[in-house]
Amino acid sequence: MGVQYVLFAVLLVPLSALIGGAYGGSCREATLCCNGRDSSCVVQKAPLNAIIEDLNDKPCYCDHACLKLGDCCDDFKSHCGGK
């Protein structure tokens with residue numbers, strides 16, 4: 001059973017880093033920048049059906065309306081050139 005646990009841990013850690021870090025709230029990593037208001041221009045930090053327990057896991061946006069709404073991803077201005 002110890003070998004199975006180690007194998008599981010070895011596979012799970014890189015997979016969770018890949019899934020969590022693939023979007024991680026970054027417009028640059030998600031390769032998103034949208035003009036105007038576009039609800040599909042969103043970066044989901046948590047899986048779609050996950051229960052959000054941490055407010056930092058809320059989705060962030062990479063559209064220019066996020067500046068007015070205050071829900072931009074942290075790198076929106078640097079990546080998308082928001083004013």
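**Reading one residue, then the whole chain**

Reply: Leaving aside its neighbours within four places in sequence, Asp63 is in contact with Cys34, Gly36, Arg37, Asp38, Cys41 and Phe76, where contact means heavy atoms within 4.5 Å. Before going on, please keep in mind that this is a predicted model, in which local features need pLDDT of at least 70 and side-chain atom pairs count only at pLDDT 80 or more, while totals for chains, interfaces and linings use all residues. Residues are numbered from 1 along each chain as its sequence is written, and side-chain values use heavy atoms, with hydrogens and water left out.

Me: Is Asp63 buried or exposed, and which side chain of opposite charge is nearest to it?

Reply: A residue is called buried when its relative accessible area is under 20%, exposed when it is over 50%, and partly exposed in between (1.4 Å probe, protein chains only). For charge, Lys and Arg count as positive and Asp and Glu as negative, while His and the chain ends are not counted; a salt bridge is a side-chain nitrogen of Lys or Arg within 4 Å of a carboxyl oxygen of Asp or Glu. Asp63 is buried yet has no salt bridge, and the nearest side chain of opposite charge, that of Arg37, is 5.6 Å away.

Me: Which backbone nitrogen does the side chain of Asp63 reach?

Reply: Here we look for a polar contact, a pair of N or O atoms within 3.5 Å; within protein, one must be able to donate a hydrogen and the other to accept it, and residues adjacent in sequence count only if both atoms are side-chain atoms. The side chain of Asp63 reaches the backbone nitrogen of Asp38 at 2.7 Å.

Me: How many disulfides does the structure hold?

Reply: A disulfide is a pair of cysteine sulfur atoms within 2.5 Å, and the structure holds five of them. One joins Cys27 to Cys62, with an S to S distance of 2.1 Å. Cys27 lies in helix H2 (residues 27-30) and Cys62 in the loop between strand E2 (60-61) and helix H3 (66-69), so this pair ties together parts that are 35 residues apart in sequence. Cys27 is buried at 0% relative accessibility, and Cys62 is buried at 0% as well.

Me: Why is the disulfide of Cys27 and Cys62 called left-handed?

Reply: The torsion about the S-S bond of Cys27 and Cys62 is about -100°, so that disulfide is left-handed. Cys34 and Cys41 are also joined, at 2.1 Å from S to S, and because their torsion is about 85°, this disulfide is right-handed.

Me: Where are Cys60 and Cys73?

Reply: A disulfide joins Cys60 to Cys73, with 2.0 Å from S to S. The pair links distant parts of the chain, since Cys60 is in strand E2 and Cys73 is in the loop between H3 and helix H4 (76-80), 13 residues apart. Cys60 is buried, with a relative accessible area of 4%, and Cys73 is buried, with 3%.

Me: What is the pairing when the bonded cysteines are numbered in sequence order?

Reply: Numbered in that way, the bonded cysteines of the protein pair as 1-6, 2-10, 3-4, 5-9, 7-8.

Me: How many helices and strands are there in the protein?

Reply: The protein has four helices and two strands, and from the N terminus on its elements run α-α-β-β-α-α. Of its 83 residues, 22% count as buried. Among contacts between residues at least 6 apart in sequence, 37% join residues at least 24 apart.
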